[in-house]
Amino acid sequence: MHPAGTRLPLFRRAFFDSWRSTLAWAAGLAAAAFLYLPLYPSIGGSDQMQEMINALPAEMTRALNYDQIASGPGYTQATLFGLIGFLLMSIATVAWGAAAVGGDEESGQLELTLAHGVRRVQVVLERALALLLRVLVLAGLAFVIVTLLNGPSQLDIDPANLFGAVVLFAGLGLLTGTSALFVGAATGRRTYGLAAGAAVAVLGYVFNAVGRQSPDVEWLLKVSPYHWAYGNSPMVNGADWAAAGWLWGISAALVVLAAVALEQRDVGA
């Protein structure tokens, strides 16, 4: 049995050593929420807002998920969870995931860590746990802020729908982060991890935007994690829990694959 001070040492170091980064991304997410959501009473649901939406090309409206922006829940999903929040969460998780193993290997820290008798599986699992906790901190913050602004900003959001949307928001962010972690662990290169995580986020968003334009390309929606999360408009209609299961389940599988990949190759080669 380990003394309390030695339990999950890699997790504790990964999480607490990066508290400034977590705080910075949390501040950015909070700033976005406090900037956009209080604007809704003055623009949302008004004739001017609807006229503006109608004036936009239908393709652009669908691509930006602005087709439901006239309602409080739709406005929150389009501006916070579907755009600014998605961007901030993706950048943060991709950076964290790529640095978790690939970044340490590039800097030589991973070899030093393994030289102290730490198992490779332990490295991946504890770093993944730190990534998960950071994601939950950001998602939890989003839930708290939207709850606080729900009344004053006249958003009329159902708390159950908000909870479901936050679970999907966290799952989407975790998927981009674990994709970066897996590729970083498999290649030993932070840059490759960054590219993989960014590809999941960017292509997911692009596939959703393009797939909504025409029945001929609707198949793109099936391979878009972004659409899995938001295609059901969770802030308006409630969460698609099957989609949430896919996002979280694939993330867990990527962590397992990262552990297997690191176990089977030469570190520093």
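**Contacts along the chain.** I began with contacts (heavy atoms within 4.5 Å): among those with a separation of 6 or more, residues 24 or more positions apart account for 76%. I am working on a predicted model, where local features need pLDDT of at least 70, side-chain atom pairs count only at pLDDT 80 or more, and totals for chains, interfaces and linings use all residues. Residues are numbered from 1 along each chain as its sequence is written, and side-chain values use heavy atoms, with hydrogens and water left out.

**Helices.** I looked up secondary structure next and found 13 helices and zero strands. Both kinds are DSSP runs numbered from the N terminus, helices being H or I with at least four residues and strands E with at least two.

**Record check.** I went to UniProt, where an unreviewed entry lists "transmembrane region" for residues 21-39, 80-101, 129-150, 162-185, 192-211 and 241-262. Positions are in the numbering used here, feature names are shortened, and such annotations may be inferred rather than shown by experiment. I then checked two of these spans in the model. Residues 129-150 are 100% helix and 0% strand, with end C-alpha atoms 31 Å apart. Residues 192-211 are also 100% helix and 0% strand, and there the end C-alpha atoms lie 27 Å apart.

**Burial and cores.** I see that 48% of the 269 residues are buried (under 20% relative accessible area; exposed is over 50%, partly exposed in between; 1.4 Å probe, protein chains only). Next I looked for nonpolar cores, meaning sets of buried Ala, Val, Leu, Ile, Met, Phe, Trp, Tyr and Cys residues joined through side-chain atoms within 4.5 Å. The largest has 49 residues, and Leu 37, Leu 80, Phe 81 and Phe 169 touch the most other members. Helix H9 (159-187) is among the elements that give it two or more residues, and H9 supplies the largest share, 10 residues. A second, separate core of 16 residues includes Leu 10, Leu 110, Val 118 and Val 255.

**A closer look at Leu 37.** Which residues does Leu 37 contact, leaving aside neighbours within four places in sequence? I noted Tyr 75, Thr 76, Thr 79, Leu 80, Val 146, Leu 149, Ser 153 and Leu 155.

**Pocket.** My last stop was the largest pocket, which is lined by 19 residues, with Leu 10, Arg 13, Ala 14, Asp 104 and Arg 127 nearest its centre. A pocket is an open set of points on a 1 Å grid over the protein atoms alone where a 1.4 Å probe fits, with protein on both sides within 12 Å along at least five of seven lines; lining residues have an atom within 4 Å of a point. Helices H1 (9-16), H6 (72-107), H7 (109-114) and H8 (120-150) each give two or more residues to this lining.
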